Amino acid sequence: MKPRRLMAMLVLCVLLAAAGCGGGGDDEGGAGGDKSLTFWTAEDLADRVAATQKIVTRFQEQSGIQVKVVPIAEDQFPSQVQSASAAGSLPDVMGALSLGFVHNLAADDLTDPDAANEVIESLGRDTFSERALSLVEADGKPVAVPSDTWTQLLVYRKDLFDKAGLETPDTYDKILAAATKLKQPGQNGIVAATKAADGFTQQTFEYFALANGCQLTDDQGGIQLTTPQCVETFKFYGDLIKNGSSKGGQDADTTRAAYFAGKAAMIVWSSFLLDELAGLRKDALPTCAECRADKKFLSENSGVVTAITGPKGSEPTQFGEVTNFAIIKDGNTDAAKQFVEFMMSEGYADWLALAPEGKFPTRSGTKDNPEEYNEAWSKLKAGVDEKQPLSELYPPEVLEALTKSTDTMNRWGFTQGQGRLVGALSAEQPIPKALAAELDGQLTPDAAAKQAQADVEEIAQSVE
């Protein structure tokens with residue numbers, strides 16, 4: 001999912017939590033329908049629906065279980081869940097759901113943690129990313145089965161870095177030094193989100209915050225935004241934009257356009273940038289001077305950093321999203337477990353193929369072939385208008401970093417049991433607002449952290 005798509009999903013989490021839904025089985029896939037089930041998926045683009053149906057058809061032929069695939073647009077998911085819950089007709093399985101979504105479903109007692117755990121154990125717990133499993137757990141049990149991830153990246157111009165004698169930008173100091181040195185007339189050292197009301201700004205801030213050991217809450221739910229780690233993150237972000245970027249609001253579209261035009265040496269964006277960077281999407285083509293003769297110039301001259309480290313960070317860390325299959329309570333549980341197991345084994349490579357640049361495997365392989373899915377993923381064709389395997393677009397070290405990115409991924413709030421708060425923040429964006437005020441010179445980093453702290457504390461009280 002692209003940056004703004006994640007935040008849209010988190011907004012849905014707020015609505016879903018407010019719905020106060022109860023459980024219930026689908027008419028076709030409920031407790032009485034042993035040979036049928038209903039699958040709701042947020043992958044609602046036409047080509048992805050068609051590809052999903054092909055996977056489902058293979059499952060039906062193999063299992064004898066009939067599956068009704070129901071694609072639902074993201075902005076329709078909350079109302080559909082609410083209506084189905086009230087009518088006792090929830091589906092048996094939901095797919096392509098964000099962390100926030102599944103944690104809110106679990107908080108409303110709609111998911112079946114025992115069923116999810118049984119699927120994971122059957123497939124082999126050690127074949128899953130430990131980090132992905134930890135992020136979907138609540139009260140010691142997985143609320144869903146993690147299917148794939150996308151990650152936030154720092155993409156940089158290797159040719160410009162080599163020419164300037166700069167090191168790989170994987171720490172606060174190296175990023176700031178490179179942004180400052182490479183800022184020149186007509187070129188920013190870095191472009192990153194700064195708009196106050198934009199969820200993309202929240203994601204980028206969290207990326208840097210996690211790297212510096214800044215957490216949203218402690219284990220007891222206390223807000224932590226005025227800790228030294230968080231204040232330092234506000235200062236770093238402010239220094240980065242003031243010394244290495246341009247004035248004015250920046251978002252997903254403007255940052256991508258600047259990097260693609262050759263007017264930025266670094267960009268913070270999601271992994272969905274990778275196919276576009278290689279010129280595989282006509283409505284988002286690279287436009288740099290060198291790109292006119294070679295549309296793959298940027299992909300060939302860009303390096304990728306996944307996890308970064310701040311001065312107070314204990315280990316390299318990054319922001320990302322884990323998407324999931326959720327088995328719903330009171331449905332056709334046995335059939336649902338068989339279906340999810342199939343989607344995570346025989347159908348797994350085809351599921352990842354829906355969008356390889358934004359679906360990194362959470363299962364690296366099987367017990368017998370530990371790297372089976374990582375290897376299959378690297379050969380999948382990415383792109384929209386044109387398609388090409390990622391292995392032909394990027395060197396092995398980039399692909400290896402991407403497949404391992406889930407293991408260094410973290411998120412605010414989920415491991416502390418604060419999924420509802422994370423969802424609620426997306427509606428009001430208190431942290432981007434405080435950051436924007438700092439960038440405008442209205443607040444110091446310390447004052448920005450205090451404003452964010454107060455606003456988040458108020459939101460936390462409203463969702464208790």
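**Entry 1: helix 8 and its cover**

I looked up what covers the buried residues of helix 8 in this predicted model. The cover includes strand 6 (145-157) and helix 7 (158-164). It also includes helix 9 (199-211), helix 10 (228-244) and strand 7 (266-270).

Which residues of helix 8 are buried? I went through residues 172-182 and noted Tyr172, Ile175, Ala178, Ala179 and Leu182. Seen down the axis of helix 8, these buried residues fall within an arc of 145°, so they line one face of the helix.

**Entry 2: the disulfides**

How many disulfides does the structure hold? I found two.

I took Cys214 and Cys230 as one entry. Their sulfur atoms are 2.0 Å apart, and they form a disulfide. Cys214 lies in the loop between helix 9 and helix 10, while Cys230 lies in helix 10, so the pair ties together parts that are 16 residues apart in sequence. The angle about the S-S bond is 95°, and the link of Cys214 and Cys230 is right-handed.

Are these two cysteines buried or exposed? Cys214 has 0% relative accessibility and counts as buried. Cys230 is buried too, with a relative accessible area of 0%.

Next I turned to Cys288 and Cys291. A disulfide joins them, with an S to S distance of 2.0 Å. I read 85° about the S-S bond, and this link is right-handed. Both Cys288 and Cys291 are buried.

I then numbered the bonded cysteines of the chain in sequence order. The pairing comes out as 1-2, 3-4.

**Entry 3: helix 20**

I moved on to helix 20, residues 430-439. How many of its ten residues are buried? The count is nine, and the helix is mostly covered. I listed the buried ones: Pro430, Ile431, Pro432, Ala434, Leu435, Ala436, Ala437, Glu438 and Leu439.

What do they pack against? I found helix 9 and helix 10, along with helix 19 (419-428) and helix 21 (445-463). Helix 9 and helix 10 had already come up in the cover of helix 8.

Last, I checked what follows helix 20. Just after this helix, Gly441 takes a positive phi of about 85°.

Definitions and conventions
Residues numbered from 1 in each chain as written. Predicted model: local features only at pLDDT ≥ 70, side-chain atom pairs only at ≥ 80, totals over all residues. Heavy atoms only, no water. Buried < 20%, exposed > 50% of the residue type's maximum accessible area, 1.4 Å probe, protein only. Helix = DSSP H or I, 4+ residues; strand = E, 2+ residues; numbered from the N terminus. Arc of directions from axis to C-beta. Contact = heavy atoms within 4.5 Å. Disulfide = S-S within 2.5 Å.
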